[in-house]
Amino acid sequence: MFERFTKDARDVVKGAYAFVEGSGGGGQCVEPEHLLLALLDREGSRGSFALAALGLDQRRESVREALREARRRAGLTQAETDALAGLGIDVEEIVARVEEAHGVGALAGDRKGKGRWPGRVSFGRGAKEVLERSLRVALAQRDRHIGDEHLLLALTLRPGVPAEVLADHGVTYESLVRVLYGSGGEAKAG
């Protein structure tokens, strides 16, 4: 599958690894959130064009902050947090108590060496699903390659924090398809 990846898509994967390996991402696995962070840093690609066309280029920091907050909540989406609140469970209170006892970011899963080989970064299940779905998205659009735009489209289709954060910022699968392919189905951008 990786032989179909364009340079831009490969750079996104490398960028996601960099977030995990560096201080920016934490953890030992590449997750969908890391792929989104790497996409936000891209310039001059079809994915970055689509994000800019939808106004996200000026709200990147807002997206990053929403991802940080979700990570602090142990990866719970806002919808999950709201559902728990409906049951009388205050997630923010739980996070505050855990952080008081174990330190800031204790629920983020950033503790190094916990259950993993040191220095070894792998793909989490969610990131693998995004990569696999990007292939299906490319095939559905009749594209012969997998570009960063397909990774972005796949992130919007997979339920979870990245899709929720993107949707909260006006980026959905439908809006991306309109920007990238227009009504005629042929690629417009890039």
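1. Helices, as named in this note, are DSSP runs of H or I that hold at least four residues, and strands are runs of E with at least two; both are numbered from the N terminus. The model under discussion is predicted.

2. Overall composition. The chain comprises 10 helices and 2 strands. Read from the N terminus, the order of elements is α-β-α-α-α-α-α-β-α-α-α-α. Of the 190 residues in the chain, 44% are buried. The chain exposes about 10300 Å², and carbon and sulfur atoms supply 51% of that area. Among contacts with a separation of 6 or more, 63% are between residues 24 or more positions apart.

3. Helix α2. How many of the residues of α2 are buried? The count is 8 of 9, so α2 is largely enclosed by the rest of the structure. The buried residues are Pro-32, His-34, Leu-35, Leu-36, Leu-37, Ala-38, Leu-39 and Leu-40.

4. Packing of α2 on α9. Helix α9 spans residues 161–168, and its axis lies 8 Å from that of α2, at an angle of about 40 degrees. The two helices are therefore oblique to each other. On the α2 side the contact is made by Pro-32, Glu-33 and Leu-36, and on the α9 side by Val-161, Pro-162 and Leu-166. Two of these α2 residues, Pro-32 and Leu-36, are also listed among the buried residues of the helix.

5. Helix α3. Arg-46, Gly-47, Ser-48, Ala-50 and Leu-51 are the buried residues of α3. They pack against α2, α8 (148–157) and α10 (173–181).

6. Strand β1 and Val-30. Strand β1 consists of residues 29–30 and includes Val-30. Is Val-30 buried or exposed? With a relative accessibility of 0%, Val-30 counts as buried, because the term applies to residues under 20% relative accessible area. Setting aside residues up to four places away in sequence, Val-30 touches Ala-16, Tyr-17, Val-20, Leu-35, Val-121, Ser-122, Phe-123, Gly-124 and Ala-127. One of these, Leu-35, is a buried residue of α2. Another, Ser-122, is 92 residues from Val-30 in sequence, yet the C-alpha atoms of the two are 6.1 Å apart.

7. Salt bridges in general, and the pair Arg-42 and Asp-8. Side chains of opposite charge can pair when their charged atoms come close. The structure holds 13 salt bridges. In one of them Arg-42 is paired with Asp-8, and the closest N and O atoms are 2.4 Å apart. Arg-42 is in the loop between α2 (32–40) and α3 (46–53), while Asp-8 is in helix α1 (residues 7–21), so this pair ties together parts that are 34 residues apart in sequence. Arg-42 counts as buried at 15% relative accessibility, whereas Asp-8 is partly exposed at 24%.

8. The pair Arg-64 and Glu-61. These residues form a salt bridge in which the closest N and O atoms are 4.0 Å apart. A salt bridge is taken as a side-chain nitrogen of Lys or Arg within 4 Å of a carboxyl oxygen of Asp or Glu, and the reader may wish to set the distance of 4.0 Å in this pair beside that cut-off. Both residues belong to helix α4 (residues 60–72); because they are 3 residues apart, about one helical turn separates them. Arg-64 counts as buried, at 19% relative accessibility, and Glu-61 as partly exposed, at 45%.

9. Glu-93 forms a salt bridge with Arg-97, with the closest N and O atoms 2.9 Å apart. The two residues lie in helix α6, 4 residues or about one turn of the helix apart. Glu-93 is partly exposed, with a relative accessible area of 36%, and Arg-97 is exposed, at 58%. Elsewhere, salt bridges with shared partners join Asp-41, Glu-61, Arg-64, Glu-65 and Arg-68 into one network.

10. Nonpolar surface. Which residues make the nonpolar surface patch of about 340 Å²? The patch is made by Leu-87, Ile-89, Ile-94 and Leu-107. Of these, Ile-94 is placed in helix α6 (residues 91–102), the helix that also carries Glu-93 and Arg-97. Ile-94 is partly exposed, with a relative accessible area of 43%.

Definitions and conventions. Residues numbered from 1 in each chain as written. Predicted model: local features only at pLDDT ≥ 70, side-chain atom pairs only at ≥ 80, totals over all residues. Heavy atoms only, no water. Patch = residues over 30% accessible without salt bridge, like charges linked within 9 Å, V, L, I, M, F, W, Y side chains within 5 Å. Areas by Shrake-Rupley, 256 points an atom, 1.4 Å probe, with all protein chains shown as cover. Buried < 20%, exposed > 50% of the residue type's maximum accessible area, 1.4 Å probe, protein only. Axes fitted to C-alpha atoms, helices over the stretch in contact; angles between N-to-C directions. Parallel < 35°, antiparallel > 145°, perpendicular 65-115°, else oblique. Contact = heavy atoms within 4.5 Å.
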